[in-house]
Amino acid sequence: MWQDFIKSSLMEAIIFCGIQAAGKTSFFIRRFIHTHLRISLDLLNTRNKERQMLQTCLDMQQRFVIDNTNATKAARANYITQAKERKFKVIGYYFTTGVLQAIERNKQRQGKHLVPEKGIWGTNKILEPPAYEEGFDELYTVKITDNDFVVQFLPKPVQPLL
């Protein structure tokens, strides 16, 4: 019994949600680089490679972080479904960085990491905050204050008694 608890606590699928330049990759480096594998289209370049990497993590029961914008429920659904089917704990981190702050952060980037400003605005336009109803076991918000990350747990909404 306790072995199942320990095993399930080790099997984490973390999904980042937020606009470009919101601090997702920087947060990964600070918080998860030594414990989780990073799955990112920025690294893998194609959805096919991303699918293969995800499948490998699921097969090996490897902790992982999906470090993409994951701006919509539809974008997150496949990751959540597959992780849940494999008994992973699914945790969401919602980066609440505002568009203007993200644009300023983006100006510090160079080369292929520099995102066109209209891309940031476009992602912000379709951004849907993650919700427990999607299948998350835990949800957190992340904001950047004074070059530090402030993480806040979002409790599950209480269901009213009928």
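A residue counts as buried when its relative accessible area is under 20%, as exposed when it is over 50%, and as partly exposed in between (1.4 Å probe, protein chains only). With that in hand, look at strand S4: six of its seven residues are buried, so S4 is largely enclosed by the rest of the structure. This is a predicted model, in which local features need pLDDT of at least 70, side-chain atom pairs count only at pLDDT 80 or more, and totals for chains, interfaces and linings use all residues. Residues are numbered from 1 along each chain as its sequence is written, and side-chain values use heavy atoms, with hydrogens and water left out.

**The sheet**

- Helices (H or I, at least four residues) and strands (E, at least two) are DSSP runs, numbered from the N terminus.
- Strands of a sheet pair through backbone hydrogen bonds, either parallel or antiparallel; here, two strands pair if DSSP finds at least two bridges between them.
- Six strands make up an open sheet with mixed pairing, and their order is S2-S3-S1-S4-S5-S6.
- At the edges you will find strand S2 (37-39) and strand S6 (148-154), each of which pairs on one side only.
- On average, neighbouring strands of this sheet are turned by 25° against each other, direction ignored. For such angles, axes are lines fitted to C-alpha atoms (for helices over the stretch in contact), and values run from 0 to 180 degrees between N-to-C directions.

**Strand by strand**

- S1 and S4 run parallel and are joined by six bridges; here isoleucine 15 stands opposite glycine 92 in S4.
- S4 also pairs with S5 in the parallel sense, over five bridges, and tyrosine 93 faces tyrosine 140 in S5.
- S5 (residues 138-145) and S6 pair in the antiparallel sense over seven bridges, with threonine 141 opposite glutamine 152 in S6.

**Helices on the sheet**

- Helix H2 (residues 24-31) packs on the sheet and touches S1, S2, S3, S4, S5 and S6, where contact means heavy atoms within 4.5 Å.
- The direction of H2 makes about 85° with that of S6.
- Helix H4 (residues 47-60) lies across S2 and S3, and runs at about 150° to S2.

**The largest pocket**

- A pocket is an open set of points on a 1 Å grid over the protein atoms alone, where a 1.4 Å probe fits, with protein on both sides within 12 Å along at least five of seven lines; lining residues have an atom within 4 Å of a point.
- The largest pocket holds about 550 Å³ of space.
- Of its 21 lining residues, Ala21, Thr25, Asp42, Arg109 and His113 are the closest to its centre.
- H2 gives the largest share of the lining, four residues, and helix H3 (41-44) supplies at least two.
- The lining divides into six nonpolar, eight polar and seven charged residues. Ala, Val, Leu, Ile, Met, Phe, Trp, Tyr, Cys and Pro count as nonpolar, Asp, Glu, Lys and Arg as charged, and the others, Gly among them, as polar.

- Asparagine 70 sits in the loop between S3 and helix H5 (73-85), and counts as buried because its relative accessibility is 4%.
- Leaving out residues up to four places away in sequence, asparagine 70 touches Ile15, Phe16, Cys17, Ala75, Arg76 and Tyr79.
- Lysine 118 lies in helix H7 (residues 117-126), and is exposed, with a relative accessible area of 71%.
- From C-alpha to C-alpha, lysine 118 and leucine 10 are 39 Å apart in space, and they are 108 residues apart in sequence.

Note on methods:
Points joined across faces, edges and corners; volume = space filled by probe spheres on them.
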